[in-house]
Amino acid sequence: MNPTPDSSTDDNSASEFVAHMLDAQRGLRNYLLSLHPVASDIDDLMQQTALTLWKEFHRYDRSRPFLPWALRIGYFEVLRLRTMRSRDMLVFSEDIVEMLAEESPPDATLQPKRLALTACLGKLNPDERELLMACYGEGGSVASLAARRNEKPHRLYHQLDRVRRALVLCVGRLLRDTEGSFSP
Amino acid sequence: MKSDAPDGLFATLLSRLVSGQLADGDADRIADYLRGSKAARDYYRFYLAVHADLTEHFRENAAAPFPPLPVPARRVRMFALAALIPLALGIGMWSASIRLPVPQVVMVPEPGPMLAVTGFADDVRWNLPEPPAPGMSLSRGVVELKQGTLVLHLTGGQTLTLRGPARFELLNDKEMRLDLGDLSQRVVRSHKTYMIHVPGGVVADLGTEFSVKVAADGTTDVHVFEGKAVASSTDSSNRTRYERILNAGESVRISETLHDSPLAVGEFLRPHPDAVKAPSPAGKSYAESVGNSSPLAWWRFEHEKGNQITAETVGTPPLVLSGSPHVLGTPGHRFIYTDTGDFAGFAATESGLDGLDQPGGGISVECLLHPESEQHMTALLLEDLTLPVPPDQDFLPQRIQIERAGRSGEAIGHVHPPYAIRGMARIPSSYSGGASTYTADSYLARRWVHVVQTHDGKMLRLYIDGKWVNETPDIQEFQGSLLRPVIAVLRPTQDQMRRQWIGGIDEVALYDRVLSPQEIQTHFQALD
């Protein structure tokens, strides 16, 4: 079903909404992922949150920033999703979700993070690149790479852990060195 | 610092979390960390954000998710140096007089992938160590164009004309920054939006020709000549504040808001009529030089009869033009030109060439190439008429091939410098496998490149501009097959545009022996 906005909503508000969403979507995605770190649910969660935001957009107070309002609605979508999942499908208990939601800030360094990530990917050696391709590339898997390399999968997961940690550190350092801080 | 893990175990747990590999009790251990400190919660959020960006990055860049590995290329070093020079001199000199946009990129010391190739250059003085010449590759870095007019062909298909004094930085294949000067952008083939960051705003193309003028005080004016563009002003954190879609004939001034531009249309820069289809440098002396080497088959594209190109060598079948390839250039310097649009097509003989493939012999293939696209493209191949076409194929197996590759790994999963020229041999003829040679340099080019590939039954060798560049051992016995040249496209069918050559090809010569390095050098030196 297509959401139907308030009758006063016109093309301008649709354009305005799209512009807000484009600005906010990565921050919103990161926020939802932090509250509900289940990759297979994130696309649905984003979709549902966007629909609710559009339905409620006529209530949005334009004198205030869009992202915090969107995060708040996203938080309630997470809670709603949690009620639909069995307990063993949830990573965190309610108090952790609440704690993360309370202090989760909007990410103000979105584009630099992507650029820094690209730069950090350039520092990886061919083995590490192959491993990331297996993990993040379409159709790849750590298990098939392990079979091809004749290695135990758990060894590759250890290596993946090291690569991810190094990337996080590298991205953080580049942002810190260039922007002064990546703190919001 | 939230990118520093509180401890190694926490990072390991997070890696398991995002891999879907949590063991019993792991989630509780993560929760304990999160309850325990704000630093852990900050690290957790940052870790997940980087993971989400990684996922998105691989989704958006499935073909080439990694920047190329460092290659020992002279120009790469040059542009790394060029990028650092203005930093060393102090960008403060600039910022005193120019409203620079808020820094929005990470300065990375390593040069990135090639982003553009220089085209026409007139009276150019710039800050780079080497003088400008057509075909130079540019990666990321600040360029100060002190004077002159410079044309850049971007890897995304856009063509920029810049007039000095200008200062710009190519950021990636989707965006650049213009701090000062006149710029004209024309989109030829790209369907990707390209963004030009200017002081206090952004201009993005919507399939168009437009011009941007950034004055010394940062005032920016934009005029659209054809199609549409979007001009927007940004706030102090570089987020779009106001935008206006400009149609053909409309102008705007970008400041804190958007106003109509007071400039006259004539004050905006138009694209330079760059010699994209530059005449072939193979004239009379080159023809004499090649003739002295007695090729078995040779087409100069000088003589056209209907849809056929007559060979220079007696008894050689003509090349039949299929599709819509064009023969361009002035008499004595004519060449075949193909692309994926109006000039899509290829040229091939209808029959095979007797004697080209002889047991105990050798083969040389020589041609001039003028690549004009970032795509993986096939310039020339020899297909084997003695083998049948299998039911699951619609074209013949190949023996010899010359290609211009795209970015590393992009099309066929090979590792090579971006836009390298590839020589390939499959003995016996086949659809895959075989031996390859790649250049160490890039040839996105827009200049004529002299290419020779030889195979003596033991070694596959590649020569560029008269010099040996690479070789691969390939001990094989020639088969006595009947080979047919196909020029400009891999699959000679109308519905298969894959690897269509985009650019010019000239002077295709085939030899039933191995050309010596001296002969190859002599041929190259005979070019105009």
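Student: Is Glu507(B) buried or exposed?
Tutor: Glu507(B) is buried, at a relative accessible area of 0%. Buried means under 20% relative accessible area, exposed over 50%, and partly exposed in between, with a 1.4 Å probe and protein chains only. Before we go on, this is a predicted model: local features need pLDDT of at least 70, side-chain atom pairs count only at pLDDT 80 or more, and totals for chains, interfaces and linings use all residues. Side-chain values use heavy atoms, with hydrogens and water left out, residues are numbered from 1 along each chain as its sequence is written, and chains are lettered from A and ligands numbered from 1 in the order in which they are written.
Student: OK, and what is phi of Glu507(B)?
Tutor: Near 50 degrees, which is a positive value in a residue other than glycine. Glu507(B) sits in strand S28 of chain B; helices (H or I, at least four residues) and strands (E, at least two) are DSSP runs, numbered from the N terminus.
Student: And Asp123(B), what's its phi?
Tutor: Phi of Asp123(B) is near 55 degrees, also positive in a non-glycine residue. Asp123(B) is in strand S1 (residues 116-126) of chain B, and counts as exposed at 53% relative accessibility.
Student: Switching topic: which residues of H6(B) are buried?
Tutor: In helix H6 (residues 284-292) of chain B, they are Tyr286(B), Ala287(B), Ser289(B) and Val290(B).
Student: Why are they on the same side of H6(B)?
Tutor: Because they cover an arc of only 165 degrees around the axis. The arc is that of the directions from the helix axis to the C-beta atoms. On the other side of H6(B), Lys284(B) and Asn292(B) are exposed.
Student: What do the buried residues of H6(B) pack against?
Tutor: Their partners in chain B include strand S12 (297-299), strand S24 (449-455) and helix H7 (517-525). Contact here means heavy atoms within 4.5 Å.
Student: Which residues touch the most others in the largest nonpolar core?
Tutor: Phe66(A), Phe92(A), Leu132(A), Phe10(B) and Tyr44(B), out of 74 residues. Helix H3 (residues 38-60) of chain B gives the most to this core, with 10 residues. A nonpolar core is a set of buried Ala, Val, Leu, Ile, Met, Phe, Trp, Tyr and Cys residues joined through side-chain atoms within 4.5 Å.
Student: Last one: which residues does a cis peptide bond join, with omega about -5 degrees?
Tutor: Ile427(B) and Pro428(B). Pro428(B) lies in strand S22 (residues 421-430) of chain B.
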